[in-house]
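Please consult the sequence and the structure shown below alongside the text.

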Amino acid sequence: MKKDFYEILGITKSANEAEIKKAYRKKAIEFHPDKNPGDAAAEENFKKAAEAYEVLSDPQKKAKYDQYGHQAFDGASGGGGFGGSHMNMDDIFSQFGDIFGGGGFGGFGGNSGGQRRVKGSNLRIKVKLTLEEIANGVEKKVKVKRKSQAQGVKYRTCSACNGQGQVLRVTNTILGRMQTATTCPTCGGSGQTIDSKPANADAQGMIMEDETVSIKIPAGVVDGMQLKVSGKGNDAPGNGVPGDLIVAIEELEHEFLKREGENLHFDLYISFPEAALGVSKDIEAVNGKVRIKLEEGIQSGKILRLKGKGIPSLNSYGSGDLLVHVNVWTPKTLTKEQRQFFESSVADENFIPNPEKTDKSFFEKVKDMFS
């Protein structure tokens with residue numbers, strides 16, 4: 001059974017952003033490969049701490065984890081590179097710029113004593129989705145302008161850091177000599193500098209190119225959610241790894257349906273005769289129309305729940321419901337004959353409101369909607 005992320009970092013669910021970062025830094029120092037050479041158990045703990053931090057440091061991922069646990073991310077990375085649960089060492093070391101204030105910490109190297117691999121910058125795009133696309137999942141093809149290494153560019157080992165991507169600084173303090181490692185200012189951490197490049201390349205040997213990227217978006221995403229497509233950001237110089245493409249979801253408003261989490265709401269308007277006599281109606285659902293039958297004497301404000309006709313759960317826990325709100329439409333003007341009919345019916349006992357005890361009030365209906 002997979003260990004709880006909070007337990008891995010030694011914190012509680014109430015920990016704030018600073019406490020989460022502090023706990024991760026402590027674990028990373030404790031299990032860092034440079035500090036534990038050849039220790040497979042330490043390396044595994046190092047990876048687990050990085051995975052826990054990757055989730056708990058992101059407010060959206062943390063909220064999903066708090067609600068669903070590890071199931072919120074298991075299997076979420078299939079096909080499109082989403083989720084990010086299983087990190088490699090390059091992913092982990094790319095976090096250190098934020099956690100340790102620059103390349104490396106406490107004198108430890110960035111990649112188990114070898115040359116550091118710089119990660120290219122991320123790209124961000126916004127994808128607009130209809131409610132139908134969100135309900136069914138969709139594959140979108142988008143054109144992205146990204147930097148890639150130019151053909152023919154040649155690099156040489158950086159003379160300032162000897163290809164390590166870091167420079168060590170030793171300072172004398174009251175506690176003794178302290179050694180720190182920072183990103184090499186000459187090569188930007190890549191360990192390499194340009195030897196020769198084609199005329200159309202920039203100072204880093206990059207050119208801007210259009211690339212069509214296929215994005216598989218799972219069913220059940222929500223407005224504002226961000227998905228990651230690994231390796232589709234900008235390339236990095238030399239032997240670096242590409243950045244990621246961050247996809248922000250924007251949900252387009254539906255003409256008839258209103259979304260509330262995984263449930264959908266539909267306002268159905270019927271006439272007074274239809275309410276009195278009963279009627280069959282076609283309801284607009286996310287995957288086509290659904291025919292429902294309204295019994296005679298149905299009351300305005302009644303809510304009909306169509307099970308499983310809402311939005312699928314992002315984590316495959318079934319689908320929400322479609323809630324049909326019945327509204328009896330009262331005509332604003334009447335013909336002479338219609339007015340005479342209703343005037344003659346005012347005193348009729350059959351037209352006098354007489355709710356039964358089983359008829360729920362408005363507040364009870366609202367309570368049922370959220371239960």
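Glu250 has a relative accessible area of 24% and therefore counts as partly exposed, since that class lies between under 20% for buried and over 50% for exposed. The model is a predicted one. Across the whole structure, a search finds 18 salt bridges, and Glu250 takes part in one of them, with Lys126.

**Salt bridge between Glu250 and Lys126**

- The side chains of Glu250 and Lys126 meet at 3.9 Å, N to O.
- Glu250 belongs to strand S9 (residues 245-251) and Lys126 to strand S1 (residues 123-129), so this pair ties together parts that are 124 residues apart in sequence.
- Lys126 is classed as exposed because its relative accessible area is 58%, whereas Glu250, at 24%, is partly exposed.

**Salt bridge between Arg146 and Asp235**

- A salt bridge joins the side chains of Arg146 and Asp235, with an N to O distance of 3.1 Å.
- This pair links distant parts of the chain, 89 residues apart: Arg146 is in strand S2 (residues 138-149), and Asp235 is in the loop between strand S8 (226-229) and S9.
- Arg146 counts as buried because its relative accessibility is 9%, which is under the 20% limit for that class.
- Asp235, with a relative accessible area of 21%, is partly exposed.

**Salt bridge between Arg156 and Asp195**

- In the salt bridge of Arg156 with Asp195, the closest N and O atoms are 3.1 Å apart.
- Arg156 lies in strand S3 (residues 154-157) and Asp195 in strand S6 (residues 192-196); the pair thus links distant parts of the chain, 39 residues apart.
- Both side chains belong to residues that count as partly exposed, Arg156 at 43% relative accessibility and Asp195 at 46%.

**Salt-bridge network**

**Nonpolar surface patch**

- Phe272, Leu334, Phe341, Phe342 and Phe351 make a nonpolar surface patch of about 420 Å².
- Phe342, one of the patch residues, is placed in helix H9 (residues 336-345).
- Phe342 counts as partly exposed because its relative accessibility is 31%, and patch membership requires over 30% relative accessible area.

How values were computed
Residues numbered from 1 in each chain as written. Predicted model: local features only at pLDDT ≥ 70, side-chain atom pairs only at ≥ 80, totals over all residues. Heavy atoms only, no water. Patch = residues over 30% accessible without salt bridge, like charges linked within 9 Å, V, L, I, M, F, W, Y side chains within 5 Å. Areas by Shrake-Rupley, 256 points an atom, 1.4 Å probe, with all protein chains shown as cover. Salt bridge = Lys/Arg side-chain N within 4 Å of Asp/Glu carboxyl O. Helix = DSSP H or I, 4+ residues; strand = E, 2+ residues; numbered from the N terminus. Buried < 20%, exposed > 50% of the residue type's maximum accessible area, 1.4 Å probe, protein only.
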